[in-house]
Amino acid sequence: MKIKKLLIRKTQPSEEIIREITFNLKGLNLIVDNTPEDLVESGNSVGKSTTIKIIDLCLGAKSIRELYYDSDTRSENNDVKNFLSKYKVQAELILIDQKGKEYSIKRDLYYKGKKYIFNESYNEQEFWNRLKKLLFNLSEPNPTFRQLIPKFVRLENTAEDKMIKYLPMTKSDDYDAIYCFLFQIYTEKLISKKNELTGKIAECQKTIQTLEKSKSITSLSFLKQSLEIIDTDLIDLNEKRQQLSYMDSYKDELDKKRKLTVYINDLQEKMQLLDFEIDNINKSIESLSKKKRDIDFDTLKAIYMEAQSYMPDLQKSFEEMVNFHNLMIQNRIDFIKGQLYTKQELLDQYSKQLSEILKEKEKITIEVLDEGLLDELNMLNQKIEDLSLKKGEIQQSIHLLEEQEQIRQSLNNELSDIEKQMNNEKVADNIKRFNQIFSDYCQRLYGEKYLFAYNENWKEEKKFPVSIASLGGKVGTGKKKAVIVAYDLAYMQYSIELGMNVPQFVIHDKMENTHINQLKTIFEICEGIKGQYIIPILRERIDKVEREFIEKAKILELSSTNKFFGI
């Protein structure tokens, strides 16, 4: 999929196109800013980065505020903000596939604006899902669309560690899914399933650790060894009890007592489980109550002020917002307390039943058995009862742990099956093919060869799944920007050669600091690529490049008298 055209239009009071940009379908696409560098530094922006920010918004970026907010000065351009709102400005991105079919994506560039594909409106998640299918032909949940598209649209000043770790706050498991998809190391279904299983196994392990901690359990093996010892002791005690001489008339009563003991054990196991659940609920209530007590007023105030900057006529006061925050927490506490009351009532019922049964059992012992047998039998029975209760506790713990262990084993078996289906030979073949292109581009840029590597054993070795390094060592910071360009262009060429369903465009910002020699080489590389390389750049930075070449690559030229929105 390539970018054919970007249109910016007013929709009120009547429809009017204010900017139409047609892209070169192959090679370099330049957005040229004729503003002198001294004026740029003084804040006289004409909007050269606006084009690519709008493309990013059409591709699912969240905040339209980026169009009028300057993060360096922390200020808003109210002229642009008011213009977008007053005329209900809309952007339309037209994509084109290899067969020539066009796809229309529209994004309203004002507060509470909508998102459209072929004039059909979508909410944010549906919009992302549709774009993922359109641009990546991917229906599996992992990786997500907004995990993939920033690889192709890099708008921030790329730091040294952001070439391959380009997403903030992202786990290595997610990066593994991303790179396995991007380099077709494994199929989409296998990648998504592996990622899902990894998450479930982590949750299962956390549950096991919680159980072990709450019951002070060393291990499942320890519990089973303890159970065997108790079973041996119970056998010995029961044999001693059977050897006692007592009247046949006592047997029925003793049998009744044994049945009551079994019932008692069952009730106590149920009560033990309820105690565990009630304890967890109380901890949840305590945690929520702490959040209510320890409310971060500074953070809430900052959120409120930011919301007020978007909605000056905000109807709710800060105090009302704080009260609403506390009310939401209190509602959660009340809901959990409802569960607590239910379980406490059930525990009380079991406790009453247990008390009644114990009284009945005590009555049998005192009133029926003759005093000559009472002491010895009671001593044996007490030991048997104590051990039986202990056995019940251990059996319950074993049951809970074994249940989680079975789930974990089942998940591990599924994961093992998934990994067996993954063709390891394909990893080396695909990476080798990419590196042939990547190292060639780097050689042309710096006279050095750089390589990309995927580590199949990254988890066992506790490393990041992929890495990039030169044959002579680590990538130098000064060279980083151009190497990122080489990396992204090489991937684009690689994906086209393999016929992959990924965007056939790369968008970069902040290219002014790249040396002119590297810029010239990048432009030369772009002449041989089948995809699109799109960058905004100052005219002064490329004044040493042949004018004819610049004019051919230029898709938009801006200046202080021809700003992007014309205002």
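Because the model is predicted, local features need pLDDT of at least 70 and side-chain atom pairs count only at pLDDT 80 or more, while totals for chains, interfaces and linings use all residues. Residues are numbered from 1 along each chain as its sequence is written, and side-chain values use heavy atoms, with hydrogens and water left out.

Let us begin with Phe434, which belongs to helix H13, residues 424-446. Helices (H or I, at least four residues) and strands (E, at least two) are DSSP runs, numbered from the N terminus. Phe434 has a relative accessible area of 0%, so it counts as buried. That word means under 20% relative accessible area, with exposed meaning over 50% and partly exposed in between (1.4 Å probe, protein chains only). Leaving aside residues up to four places away in sequence, Phe434 touches Phe183, Phe452, Tyr487, Ala490, Tyr491 and Tyr494; a contact here is heavy atoms within 4.5 Å. The C-alpha atom of Phe434 is also 8.7 Å from that of Gln493, although the two residues are 59 apart along the chain.

Rings of Phe, Tyr and Trp (its six-membered ring) pair if their centres lie within 6.5 Å; planes under 30 degrees apart count as stacked, over 60 as edge-to-face and the rest as tilted. Take Tyr175 and Phe464: their ring centres are 5.0 Å apart and their planes stand at 65°, so this pair is edge-to-face. Tyr175 sits in helix H6 (residues 172-182) and Phe464 in the loop between helix H14 (458-461) and strand S12 (466-470), so the pair ties together parts that are 289 residues apart in sequence. Both Tyr175 and Phe464 are buried. Phe438 and Tyr487 form another edge-to-face pair, with 5.9 Å from centre to centre and 70° between the planes. Because Phe438 lies in helix H13 and Tyr487 in helix H15 (residues 480-497), this pair ties together parts that are 49 residues apart in sequence. Phe438 and Tyr487 are buried as well.

Rings can also have a charge over them, which is to say NZ of Lys or CZ of Arg within 6 Å of the ring centre and within 35 degrees of the ring normal. Arg19 lies over the face of Phe564, 5.6 Å from the ring centre, and the charged end of Lys151 sits over the ring of Phe152, 5.0 Å from its centre.

Now for the charged pairs. Side chains of opposite charge can pair when their charged atoms come close. The structure holds 21 salt bridges, each a side-chain nitrogen of Lys or Arg within 4 Å of a carboxyl oxygen of Asp or Glu. In helix H9 (residues 249-293), Asp266 and Lys270 are four residues apart, about one turn of the helix, and their side chains meet in a salt bridge at 3.5 Å, N to O. With a relative accessible area of 33%, Asp266 is partly exposed, and Lys270 is partly exposed at 37%. Glu551 and Lys554 form a salt bridge at 2.9 Å, N to O. Salt bridges that share partners join Arg539, Glu551, Lys554 and Glu557 into one network.

In H3 (residues 78-86), Val80, Lys81, Phe83 and Leu84 are buried. Seen down the axis of H3, these residues fall within an arc of 165°, so they line one face of the helix; the arc is that of the directions from the helix axis to the C-beta atoms. The face turned away from the buried side of H3 carries the exposed residues Asp79 and Lys86. Just after H3, Lys88 takes a positive phi of about 45°.

Finally, a look at the backbone. A cis peptide bond joins Gln12 and Pro13, with omega about 0°, and Pro13 is in the loop between strand S1 (2-10) and strand S2 (16-22). Another cis peptide bond joins Asn142 and Pro143, with omega about -5°.
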